[in-house]
Number of protein chains: 2
Amino acid sequence: MIMIFNFKKETDVKNKEKNLFQNYLSTHKFKHSKQRKGILEIFLSIDRHLTAEELYRAVKQKYPSVGFATVYRTLKLLCATGLCRELKLESGPARYEHLYGHKHHDHLICTGCGRFVEVIDPEIERLQQKLSKTHGFLPQEHRMELYGICPECRNKNNG
Amino acid sequence: MIMIFNFKKETDVKNKEKNLFQNYLSTHKFKHSKQRKGILEIFLSIDRHLTAEELYRAVKQKYPSVGFATVYRTLKLLCATGLCRELKLESGPARYEHLYGHKHHDHLICTGCGRFVEVIDPEIERLQQKLSKTHGFLPQEHRMELYGICPECRNKNNG
DNA sequence: CGGTAAAATGATAATGATTTTCAATTTCAA
DNA sequence: TTGAAATTGAAAATCATTATCATTTTACCG
């Protein structure tokens, strides 16, 4: 018998992320609850920079009994697993971005529409390291956000 | 009669800052209250990256009747005047830094002791502009914080 | 000066985001 | 299956900040 499996690549990736999370829970002796699975599932289904509240609302649609606090708690776990990064921006609530399969990057943020673009400039990275060392610091991490107006918003305002 | 004035340079600078603030108030038809003068005076006397609460406490020592809200309100005015910049960091309350006489700069922050070092790298600045433009953005501003361990803390942990 | 409109103040309540608490429920190893 | 320990949802607490509002101050005007 020949069986042809037609997993979509996307699903493959999500399964890897699910496995990483299950693994994280196991190795830290945390329990595998329905809620944690459900929240991860919804998190994975939305590849945007969400706030906790936005994720909560999305989770509610499929799993109405889940509470706000559990979403927050699970986001912390996802961050600890390395699937997610918490971004504290200039204003507004924290946003959570997908990390799996994303290399380290910084952000270009449109002050008009709030759009996020992930950017990376190896030369800047190198100079940041150098700058830290110049001051005798042992570099750990950094954050860089570039604010500006994206092409669409520029057109909108001119038109 | 010969009079020898021996103004300290420091005092000179502070007077300039005071004048700038008075000027800002006048041109915006804001009133020149005791509280505003007092808060500026204390702000100028502490050249560190303070939180609103730290400033409030310092103000209280000399002017016990000043309220928390007025400190917040005055900090906004100081920012508007350009004497002060509000920094929203990864964690904790906002910090306020002195801007007068400080060129644009970013921060190197010690994760051990919380020390701030003001840094600037023209090459990084240039690359940031370029990076924004590469993505079609009209650059506005940016924030960059480099986290690491300062020389003192490195020694402490090794000793 | 004294009167007065507008602005500023301090105290306090309200807000928004996040965290903690706690009784009830669920998980999971034995 | 059972029971200890972890997790949950709801609600209260917290923390930083902002808004409200009655009272006081400021600044201008005669």
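The contact between the two chains takes 36 residues from chain B and 36 residues from chain A, where contact means heavy atoms within 4.5 Å. This is a predicted model, in which local features need pLDDT of at least 70, side-chain atom pairs count only at pLDDT 80 or more, and totals for chains, interfaces and linings use all residues. Residues are numbered from 1 along each chain as its sequence is written, chains are lettered from A in the order in which they are written, and side-chain values use heavy atoms, with hydrogens and water left out.

Chain B and chain A bury about 3400 Å² between them, 63% of it on carbon and sulfur atoms; buried area is the accessible area (1.4 Å probe) that two parts lose on being put together, summed over both. In chain B, Leu131(B), Phe137(B) and Arg143(B) lose the most area to chain A, together 22% of what that side buries.

The interface holds 4 salt bridges, each a side-chain nitrogen of Lys or Arg within 4 Å of a carboxyl oxygen of Asp or Glu. One of them joins Arg143(A) and Glu145(B) at 3.2 Å, N to O.

DNA strand D is surrounded by 20 residues, counted as near if one of their heavy atoms lies within 4 Å of it. Sugar and phosphate account for 75% of the atoms of DNA strand D that come within 4 Å of the protein.

| Protein atom | Atom of DNA strand D | Distance |
|---|---|---|
| Gln35(A), polar side-chain atom | sugar or linking oxygen | 2.8 Å |
| Ser65(A), backbone N or O | phosphate oxygen | 3.1 Å |
| Arg73(A), side-chain N or O | base nitrogen | 2.7 Å |

Each pair is a polar contact, a pair of N or O atoms within 3.5 Å; within protein, one must be able to donate a hydrogen and the other to accept it, and residues adjacent in sequence count only if both atoms are side-chain atoms.
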